[in-house]
Structure formats: structure tokens, C-alpha cells
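The sequence and the model are shown first.

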Amino acid sequence: MRHCLGLVALLALLALPACTAKPTHSHTPSDSGTDTAPVYTEGAGGMSFVDQTDAWGLSTAHGESLQVVDLDGDGFPDLVTQDNGGIDDFTDPSVERFHFVLMNRPNPSGTGRIFVDETEASGLYQRRTGDGGRPSTQHVFFDMDGDGDLDAFAGVFNDPHTDPATHWTDMSDVLLNDGTGHFSFAPVSPDLQVDFPMCGVTSNDFDGDGIVDLYLALWYQNIDLYNNATWLNWVYGADDRLLHGNGEGTFTDVSDASGVTIGESNSTRNVLHGLHARPSMGATSCDLDGDGFPEILAQAYGRQWNVQWKNDGSGHFTNVGKASGYEADGNIDYSDNWYYDCYCWTQGTCDAPTNPDFPYSKSQCQQVADGGYWNVGWDDQPANLNGNTFTSVCADLDNDGHMDVVNAEITHEWAGLSSDFSAILMNDGTGNFTRPDSTQNGFTRVGVLNPDNGSWDFGDQKAAVADLDNDGLQDILVSSGAGYYGNFLYVFRQWSPGQYAEVETDVGLNVPTSHGLAIADFDRDGDLDIVGDSLTELVGDSTTDHRLYFFENTSETRHWLRVALHSGVSNGVGVGAQVMVTAHAPGADAVTYTREVSGGYGQSGMQQDVVLAYGLGDADTIDAVSVRWVGGVTESFSGVEVDETVDLTAGGGVSPE
């Protein structure tokens, strides 16, 4: 069983949403009336990728969760992967592997780069008991002990109510990096020993003391399948945890003092009134209101409300998700829900459903109604008419300096449009959001029919934002699969400000049943490459293999910049800091691009490279670079040129990497 991945199928009756069809595009390229204005074209433009999986040595590796991290400090991003729910046996090479530490090395052939498997040698998956491997299901990497390299928080999905014969004895833990990519255990932190199902983690300096903290996204209190739990066990979420970093690799639980405890009273009334902890599928942190202190976004499962924790600047939080528009899309019209249609049809309170795709006869509907799939006073309440948000990713999509959000949601046709689906949330600068119409901006697509049951769904669980073609507009990737028929890696190119086109096929990307997703300039040639994981599944008449794909970016050449931060404090790489780069093309107005160093986000602690990537298009002159460190102090840097990777050190200026 794949825990946060595999159990979602068992929770389908509590969850999932529908989508609208992709419109026929009718947008025209933008025209500002000047000869120097960017010329945008709908579709792929100059974006392109080539499959180089074998050349990079990844044909035998896999991973449902991926993290990009430079483990040995050589400037080339490495790759860490986990398959949720297994322990590696390094003594027998014929046994299936669950985890990989893949170091980015020079190819022995003398040309190019290649990933080298150093999983066992790295010690990242060692156990305190010294035997076998750890069952880690997620990681985030940041400097925990102030020595400048990236240490690891290794999270474990644990349920104390499962079969004792299969319950992990390993708990979540911290491993410290010696600077070469080799790990040893930090002192034990009792407050990290969380015996709940953990599905996500994010790290940031939440209180501005220069030391990075942890926020743990916990799922249900009791997924007691072993003892045949009732459906209510699938309702009550466990309270997430906020852990204060002590600076040497240990952590102290400050959840209650920080205000992030909602309550676990096991009351259906409290669930319906938003007074109960929600089952979190992921967690994300970024500065949403521009005050220099990170907020927290907790992604809820089971069609319950998401949580947006606003930071008051001292590490104390208040849930503002309802007022901000993050908690849900606001659509609570359940009249197109198939189970409601069956209920009211068999009860005689409405006519036969008029939806031509409605799959049930009246006798079948009676079976649905008798099975309790629709419960008046529960399924028709706003608290249960939301989404299944697996990942939220922060990014400045419109270059206005504010962190917007992209949500990845699992959706099903039967649930109707009251259930939220993957969406873009635009930030007004105060942490309040509007949701542009996806049928108008192109961030949508047609559902893929499952021939077994004639319905469709999307398994959107992970997402990323990156400027894949260096044109100055960030693009969106949605990893959709996880056992849902016909899903794959979707790529939405932002071809004009605020307008997107689905282009994965046009640009050479093909990752069936996509799940894990990693983006970085792995070969340091100035553009961003993509690593995607495919899960084993029957697709059409063929079976996809559980494997990684490496796609090398071969897009048209445009200007770029890479920025690595050194904060001078325990938070060595500047997790949570925002870097603003202002650049202009000849004869054109300057544009400011904002990026933030992420300490992990979404389901299973996704983590992209802490080296920030900027596409500059035709801009060949950088006018200004500034860093707003966590806490709000802003520092300016000069002497930065296009098409280079630079180190920015607090109080120490600019140096090429």
C-alpha cells in the first residue's frame, strides 16, 4: 500500500471533483504597439525537450516523490527519490528498491553528466538501529546546524492503529550532511516522533530568528483499516504540527503556542463548522503579504476546507483561509452530483437527471441510495463541498511582485462542479486571492474517459511552476496520475500574460501516469530540465513501467540568470527569502521578476532547486537585484550580468558561482 498515494482510492466516496472542457483557443498575440514588445504566440513557441533518460543513467530508477538538492555543494543539482512505504534491502540487488540518492557527476565517457546511484553510501536511508534501510516517505533539505550545507528532515508515514506486524518502528528524524553528501543522525528530537500519518512537510524561518523551522502536514487521526474502521475515521483530521528549530538539528513543538492547533474533538458538528482539524495532504509556505514573514498553506483532503495560516511577524498564526479565498472555490451547488441525483430521484423529490452522461438507471440509483452514498445534513453541507487539494505551489505568475498560488486537485466526474478542481489563485498583494476562469485562461483540459466505467477523472497530485522557455513568463506543470486512467504530465505554457496553452505533446514531453516531478538546470546550460516519475499502470493496450524520465531542455536560446543565496546565519541558503531581478531589453520597459527560495511544498514535501532560476527573454541588461531576507530586511546588489549563475551573500556582495 502506498499510504498517502494508494489510500486515496479508498476515500473516493468522501472526496472528488469535476472539470470543465478545454475551450477552443481564440486568443490573439499581445501587441503593445511598439516594435520592441514581446511577440507571443499561442502553443509551444520555441519550447522543446528531448528524452535523455538513458544518457543520464536513470532508466532503472524511480520515485513517487522527488527532491532536487545539491548534496555535495559542487553546484550541480542532485536527485533524491522515495517510493512511499518500503524498506530497502541493500544486501540483495535483485530485491525491488524503494529509494534512491542520485548524484549528478561528470560522465566517465568524457562528455556530459550522468546520475550515479550512491543511495547506500550516502547514509540518507540508514536506521538508528543499524540494520536495513529507513521507510522514509518524504524529505525536505535545509541547513539545520549552521555549517552551510543542506541537511535532511526524513518524514515517515505512520499510523499507530495499523497491523502491528507492519507498523514502522522508525519515526521521522533528522540527518546531518557532512558537506559531501554523506549523512549521520542528529541528536534525537522527541517532538519529531509524530505517530500519525504524515503526508507533507514544509520548512521556513517562521519566527524570523535566522533558524529554519518545520511544519508537518498530518492526515487522518485514525486510518484504522486493520480494525475495520467506520467511515467517521475518514473524517477526523489530525492537527498539523509546527516545530521550532533549535539550531543544531533538533526541534521543539510550538504548535499550541503558535496558534496552529485547531482541535481534534471528534465532533461532526465541529467538522461542519470548521472547528476541527482537517486531514492535510500537503503543506506549503511562502510570504503572501510581502511583510518578510512566511505564511503557511495547509492542503486538505476529503473535500474539507483548506487552511491559510497568516503570520503576524512573530511566528504566531491565524487562519484566514475563508476571507482570503484560499479555503475553497465557493461553489456549493451540488445539483449535478450523481449521488445526489440518485437520492432525490429515488425519493421522488426531483425528476430523472437530464445529464446525458448520467450512468445509472433508477434501479441502480436505488442501490446507490440504499448504500448511503448521499447523506442529508452531511454531504450537502459547505464543509463537504470543497476539493481534494494535494499540492499548492507559490509563484509570481504575473510579475507583479506577489506570490500567487497554483492548486493541484484530484477530481472526479461523479462529484460535479461543487468539488474544486486544479486552479490558479491570483494574489492581490495582501494574501487575498481571486480565481480566474480556467475556461478563459486555458488552464483546463478535457477529461480522459475510462473504458471500464465510462467516466473520467484527474489524478492531479503534484504541481510546479517554472519558466521552461526563458521567455520571462512562468509556466505550470501538473503531475497527474496515481492510478487514474489515462493521466500524464501536463504542461501549460504561459504564452501571453495570464493566458495558458497545454503543450506537453507539442514540446516532446511524455510521462504517462505521472507522479513525482523535479525541475532544475541539471546540466547548467541556462535552461531548466525536467525529471518525471511514471507509475506502473495499464494505459490502453499497454503497460507503463514504474520509472523515471529525464527530459533535456532544447528550447530556443533566450537570456537567463541563476541566483544562489548565502544568508550568513543558520538559514544558510536563505529559505523564505525573495529575490527581485529587474531587467530590460533594448528599447523596452524594464520588468521585475520575483522568486522565493522554497523549503519544500505540497504532497510528500516536493522540493525544487534552492538556486533560483530566471528567464529574461530578450532582456540583456540587469538594472537591479535586491533580496528581502526573512524578517523584512532588504539588501541591494550590483554588478550582476545576464546568462550567469551568481552567489549573493548577505553583506558580502556578488560572486560568480
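Leaving aside neighbours within four places in sequence, S65 is in contact with V80, T81, Q82, N84, T137, K462 and S604. The residue belongs to strand β2, which spans residues 65-69. With a relative accessibility of 1%, S65 counts as buried. The C-alpha atom of S65 is separated by 6.6 Å from that of D83, a residue 18 places away along the chain.

The coordinates come from a predicted model, and the confidence scores bear on how they may be read. The average pLDDT of the protein chain is 88, and 89% of the residues score at least 70. Over residues 5-35, however, pLDDT stays under 50, although the model has 101 contacts beyond four places in sequence for this stretch. Where pLDDT is low, predicted coordinates should not be read in detail.

M403 lies in the loop between β18 and β19, the latter covering residues 404-412. Its relative accessibility is 2%, so M403 counts as buried. Beyond four places in sequence, the contacts of M403 include C286, D287 and L288, together with C394, A395 and D396. Further contacts of M403 are N427, F433, Q578, T594 and E596. One of these contacts, T594, is 191 residues from M403 along the chain, with 8.3 Å between the two C-alpha atoms.

**Sheets and a hairpin**

Strands of a sheet pair through backbone hydrogen bonds, in a parallel or an antiparallel sense. Three bridges connect β8 (residues 173-177) with β9 in the antiparallel sense, and L176 has S184 in β9 as its bridge partner.

Strand β35 (residues 621-628) runs antiparallel to β36 and is joined to it by four bridges. V627 is bridged to E635 in β36.

Strands β4 (residues 99-106) and β5 (residues 113-117) are antiparallel and share five bridges. P106 stands opposite R113 in β5. The two strands, β4 and β5, form a hairpin with six residues between them, and G110 in the turn has a positive phi of about 100°.

| Strand pair | Bridges | Sense |
|---|---|---|
| β4 and β5 | five | antiparallel |
| β8 and β9 | three | antiparallel |
| β35 and β36 | four | antiparallel |

Helix α5 is largely enclosed by the rest of the structure, because seven of its 10 residues are buried. These buried residues are W338, Y339, D341, C342, C344, W345 and T346. Helix α6 is included in what covers them.

A search of the whole structure finds 27 aromatic pairs. One of them is a tilted pair of Y334 and W374, with 5.2 Å from centre to centre and 45° between the planes. The partners are 40 residues apart and link distant parts of the chain: Y334 is in the loop between α4 (321-324) and α5 (338-347), whereas W374 is in the loop between α6 (362-370) and β18 (389-395).

Elsewhere, ring pairs join F443, W456, F458, F488, Y490, F492 and Y500 into a cluster. Aromatic rings also meet charged side chains. The charged end of R97 sits over the ring of F100 at 4.3 Å from its centre, and that of R524 sits over the ring of F76 at 5.5 Å from its centre.

Methods:
Residues are numbered from 1 along each chain as its sequence is written. This is a predicted model: local features need pLDDT of at least 70, side-chain atom pairs count only at pLDDT 80 or more; totals for chains, interfaces and linings use all residues. Side-chain values use heavy atoms; hydrogens and water are left out. Two strands pair if DSSP finds at least two bridges between them. Rings of Phe, Tyr and Trp (its six-membered ring) pair if their centres lie within 6.5 Å; planes under 30 degrees apart count as stacked, over 60 as edge-to-face and the rest as tilted. A charge sits over a ring if NZ of Lys or CZ of Arg is within 6 Å of the ring centre and within 35 degrees of the ring normal. pLDDT is the predictor's confidence in each residue, from 0 to 100. Contact means heavy atoms within 4.5 Å. Buried means under 20% relative accessible area, exposed over 50%, partly exposed in between (1.4 Å probe, protein chains only).
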